[in-house]
Structures are given as C-alpha cells and as structure tokens.
Protein chains: 2
Amino acid sequence: MPRSSYVNGAYIPHKDASVHIEDRGYQLADGVYEVIACIHGHLADERGHLDRLQRSLSELDMNMPVQRNSLQFIMRELLRRNRLSNANIYIQVTRGEAKRDFPYPANSMGPSLVITTWPFQFDNQSKMEEGVKVVTVPDQRWKRPDIKTIALLPQVLAKQKAVEQGAYEAWMVDNEDFVTEGASSNAWIVTRAGTLVTRKATTDILRGVTRTAIDKIRKDLQIEMEERSFTPAESYEAVEAFSTSAVALVTPIIDIDGHKIGSGKPGEVTMRLYDEYISYVNGLRGEQLGWAA
Amino acid sequence: MPRSSYVNGAYIPHKDASVHIEDRGYQLADGVYEVIACIHGHLADERGHLDRLQRSLSELDMNMPVQRNSLQFIMRELLRRNRLSNANIYIQVTRGEAKRDFPYPANSMGPSLVITTWPFQFDNQSKMEEGVKVVTVPDQRWKRPDIKTIALLPQVLAKQKAVEQGAYEAWMVDNEDFVTEGASSNAWIVTRAGTLVTRKATTDILRGVTRTAIDKIRKDLQIEMEERSFTPAESYEAVEAFSTSAVALVTPIIDIDGHKIGSGKPGEVTMRLYDEYISYVNGLRGEQLGWAA
C-alpha cells in the first residue's frame, strides 16, 4: 500500500505529492504548521492544536483553508488510508500560489493545505525515555516565535548544532542569558524543592499545546510550578529537566552542556508527568471523531 | 509560447513546475535565493550575485547545486527559451527533499535548484522613477539577515504594512531606533552636504550587490559616502533618499512616514546614480556569455 498524503483537495501517493514552485510557502516561508500526535487512535490535544493553528493563521491575516470539521475529517481519512493508529500528523497551510512578490497577493489561488502523516516512532520514543542530552545555543529567531510559522531555518541550525555535539535538542538562549525554549520543544527544569519551572508564554516562545497539558496535569498532581525564565547555569543545578512537544511528548533530559542533571537518569517527577500525559491522551475520548474512536 | 522554468535538471512549462511537499524549502525555509536583473541582455552584476549565493550556501553548510558555469548556462538558456532580454532571474537553492526533521538530513535527494524568470517591468520602473513612499516598521527579523535566505516571512509582513499605508517599501528599524534596511532593498539618504549615508554591511543587513555597485560608482563620481546607521528622524530631514536592489535598481524616495523628502521629487544625486547605474550595467559586457553578449 503506497503512502498517501493530502494536497489541496486530493489524497495522492506521497511520492507524487507536490506544490508549485511559486507557492508562497516555498519562496517566502509565508505559512504556518501544526504537528499532532495520534496515540492508539486518539489525536492528542486536537482542539488545542487546531485552536493554535487558527491563531497562527490569524496573526498572518490568513483564514483556515477549510472548515475545522473538514480538517478533522481529512486527518482521520488520511490516517485510515495509511492504516495508522499511532502516528504524527503534519498540517501545513501557506498563503498559496501567486506571482512572486512580498506583499499579500491580490490574486492568488487561495491558501495551500498540505497534510502528511508518518508512523509514530516507538523505537525512538523508547530510546528517548532513557533520557537525552541538550546543548544551549544563542536564540537567533525573529521577534515573533509565538507564531508557529514555517520560517524554521534558525531552528534547523540550532538543532544541527545539537546533533553535531551528540545532543538531541538545542535549548535556545536570549540576549539576557535566559533559556527561551528548545528548537522544537518547551524547556522545563525541576528545582530541589520539587517545583516545576518553565518560561512564561509571552511572544518570546511558542505556547506549547503539550506544555499546556502538562500544566493541567501538574495541577491535578498538586505539583508547584513557577512560570519564569531560567539561565543555563540554573538548569545545570536542577535536579531534573525535560522538554515537551507534540512529537516527542515528555522527554527526560539527563545532560545539559555536559553537566549531568540530577542523578544522570530520568527524574521521578518527569517520568510521573510522562505517564500521566500518556493516560491523559488516552483519556481524551470525548474529543475523538469517526473511525479512531 | 508557454513560459518555461527550470526545476532540478529540467526545463518545464512554468504551470507544471513543482517541488515535493517534503522539500526542506517548503517545510523548513531551509534554503537561499538570488534575483538577478537582465537588462538589454546583460546580467547585472552576475558575478556579485553568484559570489553572494555561494556565501549564503556556505553559511548554511550547503554546496552549489551545480558548477557556476552550468548555472550561468542555465540562466541564459532559460532566458532564451522565454525569449527575454529584459528580465528578472530568480534562483532558489534548498537543502532538497528529505523526511521532515530539523537537523540536516543524512540521506536526502541532494539540493533543489529552481530558476524562474519574468519580464522586467518597465511600466513599474517608470512609475518608480517618479519617486516612491516609504514607511518605517520594527525590524522583526532573525539575527543573521546578512544571509539571503528564503525565511522571508518578516519581510512579507513589513512590506504588507507598507502597502496598507500606500507606500512602496518598508524601512525596518532596529531596537536602538536605527534603520537597518528596506524589506527588499538597502536604504540610503543624502545629507545637506551631499554625502551619501547607508548602513555599514555587518551581519545586521544584507550586503546588497547593487549597494556595492553604487559604492563603486559614487567613488568614480567623487561623491562622499559615510557607512553608518541613521534614525528615521534623520531620514525625514535628508535632502534625498533612495533604495537599491537588484529588482528595483535605484529607486528615488520622496516621502518617509508622511514626511516629504527634499523637494518631494526625486533628488539630483539619486537620479545621477540611477543613470550611471544603468550605464554601468550596460557596460558589463566583459562578464557576459553566450547568446546575450
């Protein structure tokens, strides 16, 4: 069975899935995206991701390319066609095809909607559960990282630096020496007092949907949280550290810039949040539609 | 005769010119570009543009997708197929098609090379010769605007703001209230003393190829130049202002943020540089190859 992807109204073999070279996503990075995890047939925090997609589009003066329930249908249909119940779903919306020019086009073909999906990587997930290394790098991004745009080159370069140093993720550091977030995740530490610390979600970072879920979960577990900035130096002294993202869920961190974190093994609070997050996702049946329910 | 474009080794009808949805240019803005003006069959500052392309690629750890003389041949062949001798040539190189992930792919199809061309817009050029309006906006870009990447969303938003205010270009202003450059041009003013002022080309701005040509020309004309930053307030008081770019050449500016510049008509120094620049481009026969010579 060949892999299928969705491009502008059609489900087509993935190998043939293409967009015009004058799609503004290709020439100008004029678009946004979301990634949603599907775990045991359940779309994790689907509502949060679609709300954020709508916000990102709105910040760029774009509309949803199709109605929300159509988008929900397409994601499920694509999973069905690819026979996936554990997967990542990637949604990209761009301002569409138009003669190359910077301002919004008066005449365009309308927005482009591309959706792909790939199997959830359990192997990789098991490996990450053992804990990963992080390095810090300067945050070189533009001034609106709160919008989930496809202008991801700074994150590409940050993550590449991490990989070259044998690390899994790069934590980006602002001009005042505070960690903003990971290249594709939010950054968390746990203090000696057992308090979670993560940066406040202003326009400096992306408001992670998984971050929001963890905030709900930690309230239920009566774990204290401080929303504030922290430095790399503070993170080296943390008893635990982890990152959150839709793709990698809750990822324990055991080394930052060569400093062993806590015992050098995934922390207790981290793994408790991890387990609770998986239960939370599995419990979201109320949000599910169609075949995956 | 249908318009042709060049995509990864083939000249194809422009309407069919496409790239895969997993081209890293589309998903991650992982690529660079150049625009070269062809005026009366002469590629303006071709060497400067190809040198800068090579530098941009090198800053992203990428190689030229084809040898330089092949690239020169392809541009000319594309002009010939489109029967254009006054045109803009757009060259885009991305890290190519690969499974979506942030770090550089270990296995990719190799870089993508896309080249398009469109007729030089003489109508538009004549209109611009009458002088254009500029508005200032905050510079929201990442920390390496010296690399000519396709992560152009901040420039899209800046230029859109200009258009919404009836202006042609947006001059971007840094945190210290100094103009960096235009969204798609370098920014210049002329002082009462007749001195050109333009920002020093560090990593804060793109080192414009047309900017470099104007620097050569003004030396020949014995016009003084200061490479330094200036504020929007200083620009309002300038006797002339203009912008330079490969697409718009030398564009006189007659209004900045609603302040009339000089007499409110294109300045004398500006128009002298404009005329000399056109002569300069026409005189570059030594650099030409093939059919256009």
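The model is predicted, so local features need pLDDT of at least 70, side-chain atom pairs count only at pLDDT 80 or more, and totals for chains, interfaces and linings use all residues. Residues are numbered from 1 along each chain as its sequence is written, chains are lettered from A and ligands numbered from 1 in the order in which they are written, and side-chain values use heavy atoms, with hydrogens and water left out.

**How the copies are related**

**Where chain A meets chain B**

- Contact (heavy atoms within 4.5 Å) joins 56 residues of chain A to 56 residues of chain B.
- About 4800 Å² is buried between chain A and chain B, with 64% of it on carbon and sulfur atoms; buried area is the accessible area (1.4 Å probe) that two parts lose on being put together, summed over both.
- Two salt bridges cross the interface of chain A and chain B, where a salt bridge is a side-chain nitrogen of Lys or Arg within 4 Å of a carboxyl oxygen of Asp or Glu.
- A:Arg3 forms a salt bridge with B:Glu22, and their closest N and O atoms are 3.9 Å apart.
- There are also 24 residue pairs in polar contact across the interface of chain A and chain B (both at pLDDT 80 or more). A polar contact is a pair of N or O atoms within 3.5 Å; within protein, one must be able to donate a hydrogen and the other to accept it, and residues adjacent in sequence count only if both atoms are side-chain atoms.
- Elements giving two or more residues to the side of chain A that touches chain B include strand S1 (4–7), strand S7 (112–119) and helix H5 (153–164) of chain A; helices (H or I, at least four residues) and strands (E, at least two) are DSSP runs, numbered from the N terminus.
- H5(A) gives the most to that side, with eight residues.

- Chain A has domain 1 (4–119) and domain 2 (126–281), with bounds from an automatic or database domain assignment.
- Taken over C-alpha atoms, the centres of domain 1 of chain A and domain 2 of chain A are 26 Å apart.
- Their contact takes 24 residues from domain 1 of chain A and 19 residues from domain 2 of chain A.
- The two domains of chain A bury about 1800 Å² between them, and carbon and sulfur atoms give 64% of that area.
- More than any other three residues, A:Tyr33, A:Asp45 and A:Arg52 supply 35% of the area that domain 1 of chain A buries against domain 2 of chain A.
- Two salt bridges span the interface of domain 1 of chain A and domain 2 of chain A.
- A:Arg144 and A:Glu59 pair their side chains in a salt bridge (2.9 Å, N to O).

**Salt bridges overall**

- Over all chains, the structure holds 44 salt bridges.
- One of the salt bridges joins the side chains of A:Arg95 and A:Asp30 (2.6 Å, N to O).
- This pair links distant parts of the chain, 65 residues apart: A:Arg95 lies in the loop between S6 and S7 of chain A, and A:Asp30 in the loop between H1 and S4 of chain A.
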